[in-house]
Amino acid sequence: MTDLRKAFLKLHLSVLLAGFTGLFGKLITLNEVDIVWYRMLFTSLILLVFTGLPRIGWRKLLQLAGCGTLLGLHWMLFYGSIKASNISIGVICYSLVGFFTAFLEPAIFRRRLSWLEILFSLITVAGLLCVFSFDARYRYGIAIGVASSFVAALYGTVNKKVSRDISSRATLLYSMSGGLIFVSLIIPAYLAVFPARTDVMVVPQGSNLWWMLCHALFCTVGMYLLQIQAFRSLSAFTVNLTYNLEPCYTILIAFIAFGEAREVNFSFYAGILLILTSVLLQTQRATRTLPAPPGNSQSLPK
């Protein structure tokens with residue numbers, strides 16, 4: 001199996017794990033601020049046990065902490081969108097990540113806009129609009145979800161740039177631990193803009209504690225290690241566009257886990273087909289145009 005195929009395999013495994021993220025957001029009854037804070041804390045502790053403290057420069061450490069802060073802000077907005085609406089709305093809004101990345105990646109990496117990337121991302125958005133129609137009652141949740149997708153696109157693009165030549169475990173450790181510090185500082189500002197509907201800084205107990213630990217281990221450590229490794233061989237747009245499959249996985253899992261009484265009609269299947277088409281087209285394009293990674297790329301510690 002070539003390095004590029006391995007990268008795509010890791011990418012799709014990470015997307016499958018990401019499909020459970022929205023479900024955990026529903027299962028965990030804590031405020032979104034608590035979910036994010038404990039998710040970053042538990043993830044940092046798990047990585048610290050298995051990774052230790054790899055040595056990196058202070059400048060790189062601050063850059064990774066900045067990436068972690070963007071990730072934490074994205075999570076708070078993402079869970080806030082779900083709490084303000086439902087799982088489906090939250091994950092559907094995430095489809096805009098590919099669209100935002102089509103503009104952010106050229107700006108950050110100083111390359112020309114790709115009209116094909118913009119087209120592929122719009123095909124995905126159209127597909128997700130076919131899956132579910134937005135109810136006017138969920139406008140607030142949709143607005144938060146759109147903001148969340150922009151921050152997620154910014155995180156993915158910046159993370160690809162600053163995590164070069166650093167092991168995936170070290171990248172995730174310092175992003176989570178550094179991000180935890182800065183997220184703690186911005187929580188008051190977040191709550192001023194999005195007032196809490198439930199108690200904040202509650203210690204997770206019972207099922208909340210169990211779900212938080214599972215969330216941190218599988219949907220954070222496992223998912224982001226695979227994602228970071230995929231970034232080494234694939235463009236930020238390819239990764240983020242492929243993550244548009246996440247809503248499909250989440251919705252299908254929700255059908256099974258929660259028995260959501262949603263009618264699966266022709267529009268649903270048409271939307272899924274459009275999403276798959278955009279992802280397959282970009283996968284084919286990336287396979288043809290991306291060069292194989294350098295031979296020494298596999299020497300990075302994992």
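Is the crossing of helix 3 and helix 10 left-handed or right-handed? The crossing of helix 3 and helix 10 is right-handed, a crossing being called right-handed if the near helix is turned clockwise from the far one by less than a right angle, and left-handed if anticlockwise. The model is predicted, so that local features need pLDDT of at least 70 and side-chain atom pairs count only at pLDDT 80 or more, while totals for chains, interfaces and linings use all residues. Residues are numbered from 1 along each chain as its sequence is written, and side-chain values use heavy atoms, with hydrogens and water left out.

Helices, numbered from the N terminus, are DSSP runs of H or I with at least four residues. Axes are lines fitted to C-alpha atoms over the stretch in contact, and angles run from 0 to 180 degrees between N-to-C directions.

| Pair | Axis separation | Angle |
|---|---|---|
| Helix 3 (residues 32-51) and helix 4 (residues 58-84) | within 8 Å | roughly 140° |
| Helix 3 and helix 10 (residues 206-231) | 9 Å | about 65° |

Contact means heavy atoms within 4.5 Å. Between helix 3 and helix 10, the contact includes Ile35, Tyr38, Arg39 and Phe42 of helix 3, and Leu209, Met212 and His215 of helix 10. By class, this contact has 14 nonpolar, 3 polar and 1 charged residues, where Ala, Val, Leu, Ile, Met, Phe, Trp, Tyr, Cys and Pro count as nonpolar, Asp, Glu, Lys and Arg as charged, and the others, Gly among them, as polar.

Helix 3 also passes helix 4 in a right-handed crossing. Here Glu32, Val33, Ile35, Val36, Arg39 and Met40 in helix 3 meet residues of helix 4 including Gly68, Gly72, Trp75 and Lys83, and the residues of this contact divide into 7 nonpolar, 3 polar and 3 charged.

**Helix 6**

Helix 6 (residues 96-109) has 14 residues and reaches 20 Å from its first C-alpha to its last, close to the 20 Å expected at 1.5 Å a residue; the expected span is 1.5 Å times one less than the number of residues. A kink of about 30° lies at Ala102, shortly before the proline Pro106, the bend being the angle between axes fitted to the seven residues ending there and the seven starting there. Just after helix 6, Arg110 takes a positive phi of about 55°.

**Leu17**

Leu17, found in helix 1 (residues 3-18), touches Phe218, Cys219, Gly222, Met223 and Leu226, not counting residues up to four places away in sequence.

How values were computed:
Helices (H or I, at least four residues) and strands (E, at least two) are DSSP runs, numbered from the N terminus.
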